[in-house]
Amino acid sequence: SACVINKAEKMAERAGESMEEGPDLATRQFHIQSKRFYVDVKQNPRGRYLKISEISQARGRDRITFPMSHVPAFRDHLRQYVDFLGEGDDTPRDGGVLKQSSYAANDRRQIFFELRENDRGRFLRIYCDGNYGAKSSVAIPGTGVSQIYDAVCSLLEELGSDDHALIPQDTLPESVQFLAEGKKFYFDPGSNQRGVFLRVSEVQRSYRNSITIPHCAWEDFRDSLSQFIDQMPYQGPLSRGDDLEDI
């Protein structure tokens, strides 16, 4: 309904994603299975950006957007999934998840990739997690991931990336993730016009939260965490009979 659309637009605006659509500078269109996909470079008063739209009868229109300065990192992550699908690994893990990763697009937005498999086949879900809980996502059938990748590459080659003010992604440390007590934790370095930062995200099925640590505070953050570890070594989970109020 119009109310739902307006609410989504307001949330996206608060997350820093301008909903003001500019003219198409270049576009690519694909039919993949029963869906239509558009990969567009647009421009509005805030600058140039890449938009990937997924249109289907079941879900309507979904989309994700990135400033052009962040598209090279997106392309590099997407290439990992093109290569993985080309290797023919057919062993689902973690309840249908074949591969997953993330990176920090900037100090407010996290980009997550999940390659999954269900009874209809493999698909790559890409979703952006911004401030205030605003999220956007697309789901690309496995057979079409390479087409989207090629479109992103050709648009970058044609129009450039506007990334001169950012530190190249390949010079930053690699992202780290791990699972603990049913939660996934992501450590993703990134950079923007203000410098280098580390985004730490806690992710569950229905809950996501994150903090951003500027580079100048990394050592203080590490020292504080080491102090807590030294003062209270891990002794395993509490049993049901433990009195939590005594801790």
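**Strands, helices and a few single residues**

Colleague: Which residue in β3 is the bridge partner of Lys42?
Modeller: Lys42 has Tyr49 of β3 as its bridge partner. Please note that this is a predicted model, in which local features need pLDDT of at least 70, side-chain atom pairs count only at pLDDT 80 or more, and totals for chains, interfaces and linings use all residues. Residues are numbered from 1 along each chain as its sequence is written, and side-chain values use heavy atoms, with hydrogens and water left out.

Colleague: How many bridges join β2 to β3?
Modeller: Strand β2 (residues 35-44) and strand β3 (residues 47-56) run antiparallel and are joined by 9 bridges. Strands are DSSP runs of E with at least two residues, helices are runs of H or I with at least four, and both are numbered from the N terminus. Two strands pair if DSSP finds at least two bridges between them.

Colleague: And what is the strand order of the open sheet?
Modeller: The order is β1-β2-β3-β4, 4 strands with antiparallel pairing. At the edges are β1 (24-32) and β4 (60-67), each of which pairs on one side only. On average, neighbouring strands of this sheet are turned by 15° against each other, direction ignored; angles run from 0 to 180 degrees between N-to-C directions, and axes are lines fitted to C-alpha atoms, for helices over the stretch in contact.

Colleague: How many bridges are there between β1 and β2?
Modeller: There are 8, in the antiparallel sense. Thr27, for instance, has Asp40 in β2 as its bridge partner.

Colleague: Is Asp40 buried or exposed?
Modeller: Asp40 counts as buried, because its relative accessibility is 5%. Buried means under 20% relative accessible area, exposed means over 50%, and partly exposed lies in between (1.4 Å probe, protein chains only).

Colleague: What is Asp40 in contact with, leaving aside its neighbours within four places in sequence?
Modeller: Its contacts (heavy atoms within 4.5 Å) are with Asp24, Ala26, Thr27, Arg28, Tyr49, Leu50 and Lys51. Arg28 is 12 residues from Asp40 along the chain, and their C-alpha atoms are separated by 6.4 Å.

Colleague: Turning to the hairpin of β1 and β2, which residue takes a positive phi there?
Modeller: Gln33 does, near 55°, in a hairpin with 2 residues between the strands. Most residues other than glycine have a negative phi. Gln33 is exposed, with a relative accessible area of 59%.

Colleague: Where is Glu181, then?
Modeller: Glu181 is in the loop between β9 (176-180) and β10 (183-192). Its phi is also positive, near 50°, although Glu181 is not a glycine. With a relative accessible area of 70%, Glu181 is exposed.

Colleague: On to the helices. Which strands does α2 lie across?
Modeller: Helix α2 (residues 71-87) lies across β3 and β4, and runs at about 120° to β4. Helix α3 (residues 145-159) packs on the sheet as well, where it touches β1, β2 and β3, and its direction makes about 165° with that of β1.

Colleague: At what angle do α2 and α3 pack?
Modeller: The angle is about 150°, with the axes 9 Å apart. α2 is therefore roughly antiparallel to α3; angles over 145 degrees count as roughly antiparallel, under 35 as roughly parallel, 65 to 115 as roughly perpendicular and the rest as oblique.

Colleague: Which residues make the contact?
Modeller: Among them are Phe74, Leu78 and Val82 of α2, and Ile148, Tyr149 and Val152 of α3. The contact residues divide into 12 nonpolar, 1 polar and 2 charged. Here Ala, Val, Leu, Ile, Met, Phe, Trp, Tyr, Cys and Pro count as nonpolar, Asp, Glu, Lys and Arg as charged, and the others, Gly among them, as polar.

Colleague: What about Met68: buried or exposed?
Modeller: Met68 is buried, at a relative accessible area of 1%, and sits in the loop between β4 and α2. Its C-alpha atom is 8.4 Å from that of Leu156, 88 residues away along the chain.
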